Amino acid sequence: MKHRNTALSAVMGLGLAAALGTAIPAQAAPHTATAAQFVGSDHGSAGTKAFFEAVMKSVAEKQAAHPGAASVTVVYDASQAPSFQSEISASAQIWNSSVSNVKLQSGSGGGDFSYREGNDPQGSYASTDGHGSGYIFLDYAQNQEYSSTRVVAHETGHVLGLPDHYEGPCSELMSGGGPGPSCTNPNPDAQERSNVDSLWQNGFAKALHKAVAAQR
């Protein structure tokens, strides 16, 4: 992953980072890019933290009036990724059945983050501008070479606050493409599930407090 000179941009993902840019049209040219290789990055943790905080800020602002909610709902918009509707839905179901303190819910327009699709030689990635405008880009070729549901679930893990850990085993979702294309596991392991629950139990309370204070 690498950062470019777009202000406050932070990019991480299963493959190399891509620059923060405009939306990729839903009807992009079909499956012509070369699949990107999966590599780690020293900047991965910072990028994941930025995305997590951006999504958290968006959620906090919407839910400030309901501080007693048992779990946080994060709304995603999949309308710009029509080719991956089933994988996105499966990813949401996987995460919703794996963690308790945050839930993913499909919506349209004004979601906390969105999915997009297209061709990018650098592969799939998650990106944010640091202001609550985050999206997951899904590369066609990479999703052909690797298990698409694993790709989507992995990138969604970034939204929930998890960094890449490419040296991990196939049983670890955030190992991404490290174990190779033969790895099709789309489920987070016990430690990853625990980490997400901890982040949204403790971190969200702080973000919510700030949002409430800002409204006074």
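Here is a friendly chat about a predicted model of one protein chain.

Me: Hi! Before we start, what kind of model is this?
Reply: Hello! The model is predicted.

Me: Okay. How many helices and strands does the protein chain have?
Reply: You'll find five helices and six strands in the protein chain.

Me: And what pattern do they follow along the sequence?
Reply: Reading along the sequence, you get β-α-β-α-β-β-β-β-α-α-α.

Me: What share of the residues is buried?
Reply: Of the 216 residues in the protein chain, 52% are buried.

Me: What about the surface, how much of it belongs to carbon and sulfur atoms?
Reply: Carbon and sulfur atoms hold 51% of the accessible surface, which comes to about 9400 Å² for the protein chain.

Me: Let's go inside. Which residues touch the most other members of the largest nonpolar core?
Reply: Those are Ile88, Trp95, Phe113, Tyr115 and Trp200, and the core has 33 residues. Several elements each supply at least two residues of this core, including α1 (44-63), β2 (72-80), α2 (85-98) and α5 (190-215).

Me: Why would nonpolar side chains be found together like that?
Reply: In soluble globular proteins, nonpolar side chains tend to be buried together.

Me: Can we zoom in on Ile88? What is Ile88 in contact with?
Reply: Setting aside neighbours within four places in sequence, Ile88 is in contact with Tyr76, Ala78, Ala81, Tyr115, Leu138 and Val152. Tyr115 is also on the list of residues that touch the most other core members.

Me: New topic. Where does Val196 lie?
Reply: Val196 lies in helix α5.

Me: Is Val196 buried or exposed, and why?
Reply: Val196 is buried, because its relative accessible area is 0%, and the cut-off for buried is under 20%. If you leave out residues up to four places away in sequence, Val196 touches Trp95, Val99, Val102, Leu160 and Leu162.

Me: How far is the C-alpha atom of Val196 from that of Asn101?
Reply: The two C-alpha atoms are separated by 8.0 Å, although Val196 and Asn101 are 95 residues apart along the chain.

Me: Now, how many disulfides does the structure hold?
Reply: The structure holds one disulfide. This disulfide joins Cys170 to Cys183, with an S to S distance of 2.1 Å. Cys170 and Cys183 are 13 residues apart, and each is in the loop between α4 and α5.

Me: Why is the disulfide called right-handed?
Reply: The torsion about the S-S bond of Cys170 and Cys183 is about 90 degrees, so the disulfide is right-handed.

Me: Which of those cysteines is buried, and which is partly exposed?
Reply: Cys183 counts as buried because its relative accessibility is 4%. Cys170 is partly exposed, with a relative accessible area of 27%.

Me: One more. Where does Glu172 lie?
Reply: Glu172 lies in the loop between α4 and α5.

Me: Which side chain of opposite charge is nearest to Glu172?
Reply: That is Arg150, at 8.0 Å. Glu172 is buried yet has no salt bridge.

Me: And which residues does Glu172 touch?
Reply: Not counting residues up to four places away in sequence, Glu172 touches Arg150, His165, Asn185, Asp189 and Glu192.

Me: Last one: where is Gly161 found?
Reply: Gly161 is found in the loop between α4 and α5. At 16% relative accessibility, Gly161 counts as buried. The C-alpha atoms of Gly161 and Asn195 are separated by 8.4 Å, and these residues are 34 apart along the chain.

Key: Residues are numbered from 1 along each chain as its sequence is written. This is a predicted model: local features need pLDDT of at least 70, side-chain atom pairs count only at pLDDT 80 or more; totals for chains, interfaces and linings use all residues. Side-chain values use heavy atoms; hydrogens and water are left out. A nonpolar core is a set of buried Ala, Val, Leu, Ile, Met, Phe, Trp, Tyr and Cys residues joined through side-chain atoms within 4.5 Å. Buried means under 20% relative accessible area, exposed over 50%, partly exposed in between (1.4 Å probe, protein chains only). Helices (H or I, at least four residues) and strands (E, at least two) are DSSP runs, numbered from the N terminus. Contact means heavy atoms within 4.5 Å. Accessible areas come from the Shrake-Rupley method with a 1.4 Å probe; for residues, only the protein chains shown count as cover. Lys and Arg count as positive and Asp and Glu as negative; His and the chain ends are not counted. A salt bridge is a side-chain nitrogen of Lys or Arg within 4 Å of a carboxyl oxygen of Asp or Glu. A disulfide is a pair of cysteine sulfur atoms within 2.5 Å.
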